[in-house]
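Hi everyone, thanks for coming.

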Amino acid sequence: MAIEMDARTHWEKIYKTKTPEGVSWYRPHLETSLALIQRAAPEFSASIVDVGGGESTLVDDLLERGYQDISILDISQTALAVAQKRLGSNAGQVRWIVADITRPFCRLHAYDVWHDRAVFHFLTAPWQRSAYVHTVAQAVRPGGHVIVSTFGPQGPTKCSGLDVVRYDDHSLHGEFGARFRLVDSSRELHHTPFGTTQQFLYCYCRLE
Ligand SMILES: C[S@@+](CC[C@H](N)C(=O)[O-])C[C@H]1O[C@@H](n2cnc3c(N)ncnc32)[C@H](O)[C@@H]1O
């Protein structure tokens, strides 16, 4: 019988063995995410959390734009250490959180913007998705914004060796429910560093 690796062990192994540019989800800048965050929160004092931020350069770009209240959460300590090293002394301006987003994580109404690119689709068990949605609903202040990006209907069925769930805007919004008012959605063709393409879906909601 195959022994399933737990999520933390899996992601630590990925980040210990691959370079930042050697993973399919890499892109130099997360332009769509950045544009949506700026649309949701034009004020630089906005409190922003990037869930499953990994080694992505979104944090660099947010700091460069002038955002002052940024948290980066990831299950992998190694990924966050890479981002911290890249940022040098600017890393001190960011709150770094090593946590599993499917486990209780409670900061009540702490965030104006919740951003997730390519994490929610790894939650293949219903209990994981309910736990995630429960956490978002607690952690984002009413009136705040939730930006979630997953693989789209024509996206891959696996990523990083793990099964994923693909969504269209209707099914992704359905996971979150009526308190999350869908403001906008879009699809993006991501060009991986390996010359292939992957369809991503972005949903942008306002928490009532
Ligand atoms: C495909 S990568 C995307 C990284 C980044 N968001 C980007 O777009 O470049 C998925 C990220 O989610 C993190 N992750 C996976 N499961 C998680 C969980 N249950 N809780 C927190 N982070 C998780 C992984 O460590 C990894 O950094």
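I'll begin with the ligand, go on to the pocket, and finish with the cavities.

Please keep in mind that this is a predicted model.

So, the ligand. Its shell is made of 18 residues, and the closest of them are Y15, G52, D74, D100 and R117. If you sort that shell by class, you get 11 nonpolar, 4 polar and 3 charged residues. Two elements, α1 (7–17) and β2 (69–74), each give at least two residues to the shell.

Which atoms of G52 and I101 come up to nitrogen on the ligand, backbone or side chain? For G52, a backbone N or O atom lies 2.8 Å from a ligand nitrogen. For I101, a backbone N or O atom is again what we find, 2.9 Å from a nitrogen atom of the ligand. With R117 we turn to the side chain: one of its N or O atoms there is 2.7 Å from an oxygen atom of the ligand. On its own the ligand has 590 Å² of accessible area, and the protein covers 97% of that.

Now let's step back to the pocket. The ligand takes up space that is the largest pocket, and this pocket has a volume of about 1100 Å³. Its lining counts 48 residues, with W11, I75, V119, F122 and L162 nearest the centre. Quite a list of elements gives two or more residues to that lining, including β1 (47–51), α4 (77–87), β4 (111–117) and α5 (126–139). Which element gives the most to the lining of the largest pocket? That would be α1, with 5 residues. By class, the pocket lining has 22 nonpolar, 12 polar and 14 charged residues.

Last, the cavities. How many of 30 Å³ or more does the structure hold? There are 2.

The largest cavity has about 50 Å³ of space. V146, V148, L172, H173, F176, C203 and C205 line it, and the class count for this lining is 6 nonpolar, 1 polar and no charged residues. Here β5 (140–151), α6 (169–176) and β9 (197–207) each supply at least two residues, and α6 gives the most, with 3.

The second largest cavity has a volume of about 30 Å³. Around it you'll find D50, G53, G54, S56, L58, V59, I72 and A83, which divide into 4 nonpolar, 3 polar and 1 charged.

That's my tour, and I'm happy to take questions.

Technical notes:
Residues numbered from 1 in each chain as written. Predicted model: local features only at pLDDT ≥ 70, side-chain atom pairs only at ≥ 80, totals over all residues. Heavy atoms only, no water. Near = heavy atom within 4 Å. Polar contact = N/O pair within 3.5 Å; in protein donor to acceptor, adjacent residues only side chain to side chain. Areas by Shrake-Rupley, 256 points an atom, 1.4 Å probe, with all protein chains shown as cover. 1 Å grid on protein atoms, 1.4 Å probe; cavity = no way out; pocket = protein on both sides within 12 Å on 5 of 7 lines; lining within 4 Å. Sits in = over half its atoms within 2 Å of the grid points. Helix = DSSP H or I, 4+ residues; strand = E, 2+ residues; numbered from the N terminus. Nonpolar A, V, L, I, M, F, W, Y, C, P; charged D, E, K, R; others polar. Points joined across faces, edges and corners; volume = space filled by probe spheres on them.
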